[in-house]
Amino acid sequence: MPTTRRQFLSLAGSITVIPIVTLRPLEATPAMLNTVIRNVVGEASIRTGKVKLDIPPLVENGNTVPMTVSVASPMTADDYVKSIHVFNEKNPQPNIGNFYLNPSSGRAQISTRIRLADTQKVVAIARLSDDSFWQVIADVVVTLAACTEEVN
Amino acid sequence: MAALINVPAKAKRGDIIEIRTLTSHIMETGFRRTMDGALVPRDIITSFTCRYNGAEIFRADLFPAIAANPYLSFFTVAKESGKFEFEWIGDNGYSSTASASITVE
Amino acid sequence: MNFWRAIMLAALAATAPALLAGEIPPDARRSGYSFMGPDTRAMQDDDTSNPGMLFVLDGEALWTKKAGSADKACADCHGDARNSMKGVAARYPAFDKTLARPVTLDQRINLCRANHQQAAPLPYESRDILALSAFVAHQSRGVAITAGDDPQAKPFVEQGRNLFMQREGQLNLACTNCHDDNFEKRLAGSPITQAQPTGYPLYRLEWQTLGSLERRLRSCMTGVRAQAYDYGTPELVALELYLKARARGMPMETPAVRP
C-alpha cells in the first residue's frame, strides 16, 4: 500500500516520541575511532544532544587548538555528568582525553588545548549518571603555517 | 617545573568556581621522527588529578593529542575554606604537584 | 603539503615585481596580535592561560639563582627586575661600545654571564636563555619600543633595512615583498602580518614553545628557500635591530602568543 502524505506525517510524528538512536555520524568515521569509542561506551547507544563542543571551525594552528566541552546537566546528586570523552578521527591515535566529573563539579564543562594533525572530525561523548551516553561531532578545518621551519 | 594555577582567592559558599591550570611539559607524542629516521620516544603527562581538602574533585587521562604545556580548566562548588592540590603524572616517572588555597565565606 | 606551499609562494613571487616596496606609515602599523583570531588573542590576554608565562616564571627563578665561578645571580647586580629591567628590552638590540656593534638581549645576557658571572654562555634557543630573556622583556610589557634611537646604532639599522629589502633564496623574495606590500593577504591559510616584533620571545602555537625573533627570521628564510643566517651573526642582529626600530613606539607584549 502506498504511503500517503498524511500517513507519512503521522509516522514522522510518532518517531519524535520514541527516543532516536543516532549512530549514523559514527558510521562515517574510521574503524579505529569506532573501536575506541566502543571501548568507553560498550554496547550502549549514543544519542546526539546535550553536549556542546566549542572549537574553532578553522583553527590557526593544529598544534595548539583551544577546545571547550560543556554538557547540559543540573549537576545534582542524582542527575550529573560522570565523564566526558573526546576523540579525533585522523590523528595517529584516536583518543584525546577523558575527564571525570561528579556532582560537586557544579558545572559540566572542561577546556583544554589539543593537537589536530589534519582537517577532521572531533567527537565529544558525555556519560551521565544514569549511564546514558550523549555526543556531539564537530568538523574542524586545520590550516598549516605557510613557512614551516626545517625539522630539528 | 613551572605551573600556573588560577583559583579565586575568595568565594561565597555554594559558588561555582572555575579552576585553570597550566604546566610545563613537552608532551612528546611518540609519533615523531628525527632527521635520521629514529622514533622520538613518547614522553607525555598521562594523568591529572585535583583534590579539594583531600577529596578528588576532578581527574583527567591525557593522550598525545593534548598540546604541549597542558592547559586544563574545570569547575567545582566552593564548599569550605582550604586547599586545592594538583598532581600531574606522566611517562618516565614524571610527577609534579602544585597547590592553591581558597577562603570560603 | 610542501609542494602546495611552494606553488603559493611561487604565485606570490610572480606578482611581486608589479608591487612597489613601500614602508608602512607609522599610524598604519599593527601588531601581529591584530591579525589573530579571538581564541589565540584570549590565550595571550590572560596571564594564567598564556603558556609564555611559564617561561617568565622560570626566568624569575633564574634571575635570583647564583651562577658561574663568580657565584653571582643577576639580582646581585641588578636587584629587583621589576624596577631595574623596566624598559630595557624595549631598546634592544642595543649598541655595545666595547664591541662597537649592536647586541641582542640574548647576547647581552650571555655577555653578563661571561663578564660578571664567569659562567658558560647559554645556547641559543635553550630553555634558560629564553626564560631569562622572557622574564627581562616581560618587565617592559606595555613600554614603547625605542630600539635604534642611539645614533651609534644607525648604520646597523640601515644594514638591517637593506637586508629587509634584498631579495634572496630560490623564491627570490625579500622580507618587504610580504610584510610591507602584502600584509593581511594570506599565504596558504595563514594571514601575512606586518612583521612588527613587539612580543618576543613569544609562544608560537606551531612551535608549542617559546622562541626568539632570530628563530622566526630563520624560519622565514627557510620559507623562501634561502640559506638562513646562523644565530648571533651580524646580519641577523642587524635585521632584528631594523625590525625593532621599524616598530618604534609600539608597545612591547612579551610574552606574546602567535599561531
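Biologist: Which residue is the bridge partner of S111(A) in β6(B)?

Modeller: S73(B) is the bridge partner of S111(A) in β6(B). One note before we go on: this is a predicted model.

Biologist: Noted. In what sense do β7(A) and β6(B) pair?

Modeller: The sense is antiparallel. Two bridges link β7(A) with β6(B), which covers residues 71–77 of chain B.

Biologist: What sheet do these strands belong to, and in what order do they come?

Modeller: They sit in an open sheet of six strands. The order is β2(A)-β4(A)-β7(A)-β6(B)-β3(B)-β1(B), with antiparallel pairing.

Biologist: Which are the edge strands?

Modeller: β2 of chain A and β1 (3–6) of chain B. Each of these pairs on one side only.

Biologist: How many degrees are neighbouring strands turned against each other on average?

Modeller: The average turn is 15 degrees, with direction ignored.

Biologist: And where do side chains point in a strand, in general?

Modeller: In a regular strand they alternate between the two faces of the sheet.

Biologist: Let's take β4(A). Is that strand largely enclosed or largely open?

Modeller: Largely enclosed by the rest of the structure, because six of its seven residues are buried. The strand β4(A) runs over residues 65–71.

Biologist: How many bridges join β4(A) to β7(A)?

Modeller: Six, and the two strands run antiparallel. V65(A) has I114(A) as its bridge partner in β7(A).

Biologist: Step back to the chains. How many residues of chain A are in contact with chain B?

Modeller: 26 residues of chain A, which meet 22 residues of chain B. On the chain A side, β6 (95–100) and β7 (109–114) are the elements that give two or more residues.

Biologist: What classes of residue are on that side of chain A?

Modeller: Eight are nonpolar, 15 are polar and three are charged.

Biologist: What about the contact of chain C with chain B? How many residues does it take from each?

Modeller: Nine residues come from chain C and 10 from chain B. On the chain C side, α3(C) gives the most, with four residues. By class, that side has four nonpolar, four polar and one charged residues.

Biologist: New topic: α11(C). How many residues does that helix have, and how far does it reach?

Modeller: Helix α11(C) has 13 residues, numbered 234–246. From its first C-alpha to its last it reaches 18 Å, close to the 18 Å expected.

Biologist: Why is α11(C) called largely enclosed?

Modeller: Because 11 of its 13 residues are buried. Among them are L236(C), E240(C), Y242(C) and R246(C).

Biologist: What do the buried residues of α11(C) pack against?

Modeller: Against β2 (101–103), α8 (154–165) and α10 (213–223) of chain C.

Biologist: Last one, S69(C). Where is that residue?

Modeller: In the loop of chain C between α3 (52–63) and α4 (74–78).

Biologist: Does S69(C) count as buried or exposed, and why?

Modeller: Exposed, because S69(C) has 8 C-beta neighbours inside 10 Å. A residue counts as exposed at 12 or fewer.

Biologist: How far apart in space are S69(C) and Q118(C)?

Modeller: 5.4 Å, C-alpha to C-alpha. In sequence, S69(C) and Q118(C) are 49 residues apart.

Conventions: Residues are numbered from 1 along each chain as its sequence is written. Chains are lettered from A and ligands numbered from 1 in the order in which they are written. This is a predicted model: local features need pLDDT of at least 70, side-chain atom pairs count only at pLDDT 80 or more; totals for chains, interfaces and linings use all residues. A residue is buried if 20 or more other C-beta atoms lie within 10 Å of its own, exposed if 12 or fewer, and partly exposed in between; C-beta atoms are placed from the backbone. Two residues are in contact if their C-beta atoms, placed from the backbone, lie within 7 Å. Ala, Val, Leu, Ile, Met, Phe, Trp, Tyr, Cys and Pro count as nonpolar, Asp, Glu, Lys and Arg as charged, and the others, Gly among them, as polar. Two strands pair if DSSP finds at least two bridges between them. The expected span of a helix is 1.5 Å times one less than its number of residues. Axes are lines fitted to C-alpha atoms, for helices over the stretch in contact, and angles run from 0 to 180 degrees between N-to-C directions.
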